[in-house]
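Please view the sequence and the model first; the notes on packing and chain contact follow.

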Amino acid sequence: MSALVIALLSFAVGAIGALVFANHGRWPTFFGVGGVLIGCLCGIIPAVGVVLGEPSQSLRMAWNIPYGSFSLGLDPLSGFFLIPVFLLCALAAIYGADYLEAYRGRKALAPPWFFFNLLVASMVIVLLARNGVLFLMAWEMMALSSFFLVTFEDEKESTRQAGWIYLIASHIGTAFLLVLFILLGRASGSLDFDRFAASSGAGLLFVLALVGFGTKAGFIPLHVWLPEAHPAAPSHVSAVMSGVMIKTGIYGLVRVMMLLGAPQAWWGWVLCGIGLTSGVIGVLLALAQHDLKRLLAYHSVENIGIIALGLGVGTLGLRAGLPAVAVIGFAGALLHVLNHALFKGLLFLAAGNVLHSAHTREIDHLGGLLRRMPRTGGIFLIGAAAITGLPPLNGFISEFLIYLASFKGALSLDAAGSVPMLATIAGLALIGGLAAACFTKAFGIVFLGQPRSEHAQQAHEVGLAMVLPGFVLAAACILIGLLGANVVSSMTPLISEVTGMSAAIVSTSLSTAANSVSFVSITGGALVGIASLLALGRAIALSNRSVSTNVTWDCGYAEPSRRMQYTASSFAQPLTDTFYLLLQTRRVLSAPRGFFPKDASLATETPDPYQEHIFQPLFRAIGRDLLLLRPLQQGKVQLYVLYIAVALLVLLLWQLA
Amino acid sequence: MVFAPLVQGVINRTKAIAAGRVGQPLLQTYHDLWKLLRKGAVYSETTTWIFRAGPVVGLASMICAVALLPFGGYPAFVPFVGDLIVVAYLLALARFFTVLAALDTGSSFEAMGASREVTFSALAEPALFLGLAALAQQTESLSLTPMLASISTGTWMRAAPALGLTIAGLGVVFLAENARIPVDDPTTHLELTMIHEVMVLDHSGPDFAMIQYAAALKMWLLGTVIVAIAVPWHSGNPLLDGSSAIAGMLGVAVVTGIIESSLARLQLLRITQLLIAATVLSGLALALVQR
């Protein structure tokens, strides 16, 4: 525990140091990056230790706040979520040091480093907090510090807009959490987690947690802030927010479900339903986007959906008394949390490189970047393959576990019980297919073919500090893919804590899964081996024959204009048309007219349907109604004094009555 | 694996006979492969290493997938619980790289094919998985080898409608994944019917041979599953079962040839409906096997 406290102190020193030395050239960056790095190095050791089975630890200090106590605890669940936080934040800090240099002179660099350290520290406290007040304060600190990071480029109207949406969404979520913790603590009169008792209204509490934490995690339709905030933030912040910050929502949900005791069957149904809608609609919306970072943000919604599917299957297995289904389902969901942090962090950093060097996020303006940025392209490809869930990378391992749990559940449950299992199987299959479409589009249009604009033409590879973090993450993706069996079997303490089953039962179920996963890795290894042999064979065969290069044949259209290449929009069009009902893509077409048509254009746009049809009208109506209160604000001091006096009087009367 | 290219030969011969032609020799695919393997290669200036990786990864995944599949009386090399999921995802891996290789050329033709390929395969995926889930529930097994081995005449007596629906669902997936009429036309790449053939337009020489052989293996792979359901007799003698499975495979080839000869290619929009229908068929099969 002391290492974690040192880590928190290090973040504090980094944050304050960055502010104090704000006007001293590179010092803010030095303090900001140094604080995060030292803190993460100190913190990751105990986090890994507790996940691997070292005893849990706790720390409690008195705190002068009603119902508050400064109590921290480190158990396998906290530890498991802390690992990606420390890993990704450290890498993002290294990356950010270079990334933010581009803004030197135009923007003050001290505030982003102050808030970055604050964000990391608040995430760590959220994961460690064992008291409701402390948890909510850290939760709020996390929201505020990330808000200031999102609005880093506040001279842009769209960034300010994104910041507001994020701030409002996250506070609405917090409101639900406030009610949740008050209800949880009401019975025992304390907000300490260990004194919460499972009360009668568990169903209501579950719904509150689902909405409150779901807003942070990005369950559809509560996801609307994600596609706004992630593209607006600097890329290393997007990586941290999308990779680990939204996972605190999943952590909170799992933690509260553990506090609530034995789950009810409908929780599992609801989680599976949310997972399916978030997964399918998330990936469809991603497919329809033209903005690279917005596309990645929608993919976070999709992956949160996959995690929810795993949690749902696990919950149903727990409820039905099927240890294998519960254990493998939860293991799949939690492993996907880690995996998503790795490949989504990687993808956002790579997208940051593209933005940094081509100065645009517009997919249709890019192209041919693999030749110009080979290293960035390579890591983006690994991230894309991993997020699509292709063997032999890490994304496949966690999806495989969720499939396996659902198949096992479908085999052992009766007709009604197997419906969510089969829906999960079909849903995951569809999500996988659509994700493949989406990432062939993202990688293919951005990195392959020929540049579609001057910007892309002049793109160049970025510095080492901006690709190295990506290399580390890519290596982690490959390692988890090849050593999946070891990873899965080492999750015993974690799953045992989450499901409340004995370690022996958990380890039996996990070892059957790990056995399958080891064969998956063997197949993956064989695949790599065979592919290398084939490549070698081809190289030998071609060594003494004529190998020439020429223009793309293109059925005889030699060297057409680069703008004649297929675009991302046209690539995705068959699917966006098929799913028009869910997407409502708009098209603005000015068709060519006359015998010598001059200009014709086609523009497509897919705004978020939930934002458009639910939240905008809702908030507009609220805003209109709130105008009625305006006469109260006259700007006269006397009037406000009167309000205060009246309020006091009313309170007094109420107290007397 | 050796027989895989023969299936295409049989399909082509069936089509030729149906059209009143003599047709190409049954072993034409082997000739083509051999010819391509001895040629040099031409690469486009636009392309990168992705273009060269495409055929290699595609063929390697197909080889791995075939190794996970039992055939006739012979079990898979490494049967394990959940191998059916791995096989489906190996197909996805091959597709991922083929599509990227197509996009690498910067050609609109190939990108159009790639776009259609990902569309239809995304929609075929649920049909495939629900079909496999129906088989898994029917045979209470999650590994392909015991799963396909335990489908017997008894299973057919018990649950003929469910198995029939599964075959129908997987049959559509078979036609779609292997670029056959009514989804795609394997004989042309120049009309707007193009999906698979157009994606590989720029590959040449040994690369193209690898692609052709991988396509043959893919057909063999999905055919094997269908044959294992449709030919439920087991003698226990691997040699006998193996030859009955090969006979079944040739039967599948003849049926495919007949389908191709008697149908026109569907309008692109109708293909989505066909694939959704396949998903529904698999779903119905699942509903029938519920207890």
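Helix H13 (residues 323-358) of chain A packs with helix H15 (residues 374-387) of chain A at an angle of about 145°, their axes lying 9 Å apart. Axes are lines fitted to C-alpha atoms, for helices over the stretch in contact, and angles run from 0 to 180 degrees between N-to-C directions. Helices (H or I, at least four residues) and strands (E, at least two) are DSSP runs, numbered from the N terminus.

**Basis of the model**
- This is a predicted model, in which local features need pLDDT of at least 70, side-chain atom pairs count only at pLDDT 80 or more, and totals for chains, interfaces and linings use all residues.
- Residues are numbered from 1 along each chain as its sequence is written, while chains are lettered from A and ligands numbered from 1 in the order in which they are written.
- The predictor assigns the complex an ipTM of 0.93 and a pTM of 0.93.

**Contact between the chains**
- Chain B contributes 66 residues to the contact and chain A contributes 67 residues, where two residues are in contact if their C-beta atoms, placed from the backbone, lie within 7 Å.
- H5(B) provides the largest share of the side of chain B that touches chain A, with 19 residues.

**Strand pairing across the chains**
- Strand S3 (residues 547-550) of chain A and S1(B) run parallel and are joined by four bridges; strands pair if DSSP finds at least two bridges between them.
- A:Asn550 has B:Ser44 as its bridge partner in S1(B).
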